[in-house]
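Student: I would like to learn how to read a model with two chains. Please take me through it one feature at a time.

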Amino acid sequence: MTIVSYLSEIIIPFVIVFVIGYGIVEKKNVYDIFIKGAKNGVKIVIKLFPTLLAIFLAINMLRNSGVIDFIINFVKPILNILNIPVEIMPLALLRPISGTASMAVATDIIKASGVDSKIGLIAATIMGATETTFYTIALYTSSIKVKKIRFALVASLIADVVGMATAIIIFNYM
Amino acid sequence: MLNKIWPVFIILSFIYALLKSKMPELNDSIFNSCSQTVEMLLTFLGIMCMWNGIMQIIKETTLIDKIKKLLKPFMKFLFPELNKKSKAYEEMSMNIVANLLGLGNAATPLGLKAMQSLQEENENKETLSNTMIMFLVLNTASIQIIPTTIIAIRSSLGAENPAKIIVPVWISTILAASAGILTVKILSKRKEKK
């Protein structure tokens, strides 16, 4: 474990030092190049602002009004039949929508059920194995103003469902 | 799509909050969203510029050629329609490497630039190309070697072995990504026939 946590601490500084060192070896003006690249970042972020605001507004309103809780209560009976732990459901629903909210929910679940319990392990695996699908798609498509996303959402959600199902199966049956 | 879903989300929230008398909470959520977006973008601005700078160095050295060489077989399989000389090719390769290393906040700026380059070459500017969709699905699948964030959380909550979930995470991500890739492969073929 100490090796893993050390690795996760060193990786970002290492990548930065490695790239800059590589540039020096090839005799490049690394500082000038860095500034040139950094300038580009500003343009991209400013383009994103309106879209992100719109998405956050809709998601936060859905959550605070209680609509998401309503949906969770609605699907509970189905979960019991499929042998899916009910505790996982808020996480499964929020995970594709909001990164911060799902991280908060996952931490809650892990605390409540125990960090090394079956449910705690499932929640952690789901967090590690999936991404904030809606947010990622909105972010990536908004910067280029595309109207039709075709099957991008369907394919990503299929991937999410398979990832979550795998996590549940691993700890339920192994 | 968002022109339809977005208003539904908002109107539905309003009606539900009205019925359940949750107006104060709904009110909060509106103002929180505004400040939350500004906060997030400020953080994002810093990270974005930093990684864009590092990325520029990679692009102007021979490091980019090494990365491209390493990923060549995967790129060929995943993006058969992508021109190897395209500007997007480099940015996409770097995005995939950043994802694998778990550098999520580096992968996003790279991914956004790649999408812009892909859009320049896109024949129909209003719709996503097959290449763009495959690229999106890869990014939503979050394939990473070490899931650092969740290990840190488990460790902070006092897990016996915080890294215990690494192998389950690998299995789940790989199966998830394969399902996503397969779906894109099947659906993009079907569209071509029409």
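**Reading the model**

Tutor: Start with where the chains touch: 86 residues of chain B are in contact with 81 residues of chain A. Two residues are in contact if their C-beta atoms, placed from the backbone, lie within 7 Å. This is a predicted model, in which local features need pLDDT of at least 70 and side-chain atom pairs count only at pLDDT 80 or more, while totals for chains, interfaces and linings use all residues. Residues are numbered from 1 along each chain as its sequence is written, and chains are lettered from A and ligands numbered from 1 in the order in which they are written.

Student: Which element gives the most to the side of chain B that touches chain A?

Tutor: Elements are DSSP runs numbered from the N terminus: helices (H or I, at least four residues) and strands (E, at least two). On the side of chain B that touches chain A, α2(B) gives the most, with 25 residues. By class, that side of chain B has 51 nonpolar, 27 polar and eight charged residues. Here Ala, Val, Leu, Ile, Met, Phe, Trp, Tyr, Cys and Pro count as nonpolar, Asp, Glu, Lys and Arg as charged, and the others, Gly among them, as polar.

Student: How should I read the confidence scores?

Tutor: Where pLDDT is low, the predicted coordinates should not be read in detail. The score pLDDT is the predictor's confidence in each residue, from 0 to 100. Chain B averages a pLDDT of 86, and 95% of its residues score at least 70. Among the elements of chain B, α6(B) has the highest mean pLDDT (92) and α7(B) the lowest (79). The model scores are ipTM 0.78 and pTM 0.80.

Student: What is the angle between α3(B) and α4(B)?

Tutor: Two packed helices are described by the angle between their axes and the distance between the axes. Axes are lines fitted to C-alpha atoms, for helices over the stretch in contact, and angles run from 0 to 180 degrees between N-to-C directions. Helix α3 (residues 63–78) of chain B and helix α4 (residues 87–100) of chain B cross at roughly 85°, and their axes come within 9 Å. That makes α3(B) roughly perpendicular to α4(B). The label follows from the cut-offs: under 35 degrees is roughly parallel, over 145 roughly antiparallel, 65 to 115 roughly perpendicular and the rest oblique. Among the residues that meet are I64(B) and L71(B) in α3(B), and M94(B) and V97(B) in α4(B).

Student: Which residues of α2(A) meet α7(A)?

Tutor: They are L48(A), T51(A) and I55(A), and on α7(A) they meet Y135(A), A138(A), L139(A) and S142(A).

Student: Where are the domains of chain A?

Tutor: Domain bounds come from an automatic or database domain assignment. For chain A, the assignment gives domain 1 (1–47) and domain 2 (66–173), and the C-alpha centres of these two domains of chain A lie 32 Å apart. Chain B is divided into domain 1 (1–47) and domain 2 (62–193), with the C-alpha centres of these domains of chain B 29 Å apart.
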